Amino acid sequence: MPLFKRRTVGKPGEWFYCLEHKKVEEGPDCPGKDRMGPYASRQDATRAMETAQERNAEWETDPRWHDTPTTDPNTD
């Protein structure tokens, strides 16, 4: 057990969304593996999961990110 816990340091006004606790926090209170951000505002951090879903949907439908053809060669 370590004697001193390493504290993550952030800049004032940076907002994060903690994936483990499902809450918004100012400054990085939780480890990097458990958070999304930094965000410029509390409102942006509150929408972190919605923003991620929107971006994932955009990337999944973007033809530039698909290595395989979009048409099925077996359906002629």
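Predicted model: local features only at pLDDT ≥ 70, side-chain atom pairs only at ≥ 80, totals over all residues.
Residues are numbered from 1 along each chain as its sequence is written. Local features require pLDDT of at least 70 and side-chain atom pairs pLDDT 80 or more, whereas totals for chains, interfaces and linings use all residues, and side-chain values use heavy atoms, without hydrogens and water.

Three strands form an open sheet with antiparallel pairing in the order 2-1-3; strands (E, at least two residues) and helices (H or I, at least four) are DSSP runs numbered from the N terminus, and pairing requires at least two DSSP bridges between two strands. Strand 2 (23-26) and strand 3 (35-39) are the edge strands, each pairing on one side only. Strand 1 (residues 15-18) is joined to strand 3 by three antiparallel bridges, and tyrosine 17 has methionine 36 of strand 3 as its bridge partner. Helix 2 (residues 48-61) packs on the sheet and touches strand 1 and strand 3, contact being heavy atoms within 4.5 Å. The direction of helix 2 makes about 95 degrees with that of strand 3 (axes are lines fitted to C-alpha atoms, for helices over the stretch in contact; angles between N-to-C directions run from 0 to 180 degrees).

Four salt bridges are counted, each defined by a side-chain nitrogen of Lys or Arg within 4 Å of a carboxyl oxygen of Asp or Glu. Arginine 64 and aspartate 62 meet at 2.8 Å, N to O.
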